[in-house]
Amino acid sequence: METKVFQIRDKEDGGIFQAAQVLRQGGLVAFPTETVYGLGANALDEEAAHRIYAAKGRPSDNPLIAHISSIKELEPLVTKIPETGRKLSETFWPGPLTLVFPKSRQVPYGTTGGLETVAVRMPGAEVARRLIALAGVPVAAPSANLSGKPSPTTAQHVWQDMNGRIDIILDGGPVGIGLESTIVDVSEDVPVLLRPGAITREMLEKAVGHVRIDPAILGRPNENIRPKAPGMKYRHYAPRAELTLVEGNACSVVEKINELVENDMASGKQVGIICTEETKGKYRQGILRSVGRRSQEETIAHNLFAVLREFDDLEVDCIYSESFSQDHLGYAIMNRLMKAAGYRTIYV
Ligand code: TXA
Ligand code: MG
């Protein structure tokens, strides 16, 4: 299949019309959202959803998020809108928040991975909302990466993974946030945070009071910790190299990473280091990539997946990463790093 790329300058761009038509006909379109690039198909068409799984190489028990362009599109997809769901959607939509509701019969099991619930999000990015509105159907969209690779934050990342596998890529430039949306299950009485993102735990609690935390967010899934978002059980966002997180006070972390890098390089390995502006001058060897200033976690979130992909391209053997605070956006950053590392952490 030939994959067409359209540069999109604004929400009136003709490429969006063509892409909407392809979606209506059951095809696949990658498009920018404010979080990461999505790989869209008609959410009400089981066969189209099936094509998404095939293009990504994704296990089909891993449900898709249905994207909508206005609040009136929510009602037909769900059987009820609990008070917390209403409150959260009013407060944070359009934006980087996905809510899980009991699904209506309109939504096929092919989209929800066989679940009785459906995840819904109204993206903040105007191009995404325009595309959905023109398509006239809810758009199922996982991140537009091959399964197991870091989510794409630029159209070039999408091209690397999806060229020849999908119909169209809408190139709207680099995304703003760089980490996938926050997911909250509002299908039961107390809302449950399933995946942290730019709408932070603190922001959710301010809006609706107590929010339960799925223990799988930072813990390694086992027989007692079964993630409620099926996607969180896979080794996710995984770079090819072995990634190890080093946690502790700043000085000891730098010291430890220097020691590890020295050992690995002595045995002929190529080593990458994920560091910050504050520490980048303190490493002696290895391939250094700073993800930004610790005081600006937005920048770190924005750069993280691109740096993981870059280390893949450089074919390093191991990566060491500094770790981050677990408050606010740091919680989402640490969740993605932990999963990319397969929970491999050294405490110093
Ligand atoms: O920011 C985002 O959410 C991006 C952009 C494109 O919108 N999309 C995205 O989709 O990250 P994906 O498929 O990569 O991640 C969706 C996550 C998976 O972990 C999946 O298991 C979970 O959402 N999920 C989807 N439906 C669910 C449901 N009904 N119940 C629980 N978890 C669900
Ligand atoms: Mg994904």
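This is a predicted model: local features need pLDDT of at least 70, side-chain atom pairs count only at pLDDT 80 or more; totals for chains, interfaces and linings use all residues.
1. R284 counts as exposed, at 61% relative accessibility (exposed means over 50% relative accessible area, buried under 20%, and partly exposed in between, with a 1.4 Å probe and protein chains only). R284 forms a salt bridge with E262, and the closest N and O atoms are 3.5 Å apart (a salt bridge is a side-chain nitrogen of Lys or Arg within 4 Å of a carboxyl oxygen of Asp or Glu). R284 lies in the loop between β13 (271-275) and β14 (287-290) and E262 in helix α8 (residues 250-266), so the pair ties together parts that are 22 residues apart in sequence. E262 counts as partly exposed, at 39% relative accessibility. Helices (H or I, at least four residues) and strands (E, at least two) are DSSP runs, numbered from the N terminus.

2. Residues are numbered from 1 along each chain as its sequence is written, chains are lettered from A and ligands numbered from 1 in the order in which they are written, and side-chain values use heavy atoms, with hydrogens and water left out.

3. A search of the whole structure finds 16 salt bridges. An α-helix has 3.6 residues a turn, so residues three or four places apart point the same way. E47 is exposed at 57% relative accessibility, while R51 is partly exposed, with a relative accessible area of 35%.

4. A further salt bridge joins the side chains of D161 and K149 (3.7 Å, N to O). D161 lies in helix α6 and K149 in the loop between β7 (139-140) and α6, so the pair ties together parts that are 12 residues apart in sequence. D161 is buried, with a relative accessible area of 4%.

5. Helix α6 itself spans residues 155-162, and its buried residues are A155, H157, V158, D161 and M162. These cover an arc of only 155° around the axis, which puts them on the same side of α6 (the arc is that of the directions from the helix axis to the C-beta atoms). Among the elements that cover the buried residues of α6 are β2 (29-32), β3 (37-42), α2 (46-56), β8 (168-171) and α9 (297-314). Just after α6, G164 takes a positive phi of about 90°.

6. Helix α9 also packs against helix α10 (residues 328-340), at an angle of about 15° and with the axes 9 Å apart. That makes α9 roughly parallel to α10 (angles under 35 degrees count as roughly parallel, over 145 as roughly antiparallel, 65 to 115 as roughly perpendicular and the rest as oblique). Axes are lines fitted to C-alpha atoms, for helices over the stretch in contact, and angles run from 0 to 180 degrees between N-to-C directions. In this packing, E297, E298, I300, A301, L304, F305 and L308 of α9 meet H328, L329, G330, I333, R336, L337 and A340 of α10 (contact means heavy atoms within 4.5 Å).

7. Most residues other than glycine have a negative phi, and most peptide bonds are trans. H328, in helix α10, has a positive phi of about 50° although it is not a glycine, and H328 is partly exposed, with a relative accessible area of 45%. E315, likewise not a glycine, has a positive phi of about 55°. E315 is found in the loop between α9 and β15 (318-322) and counts as exposed, at 57% relative accessibility. A cis peptide bond joins W93 and P94, with omega about -5°; P94 is placed in the loop between α3 (83-92) and β5 (97-102).

8. T345 is found in strand β16 (residues 345-347). T345 is buried, with a relative accessible area of 19%. Not counting residues up to four places away in sequence, T345 touches L245, E247 and M338.
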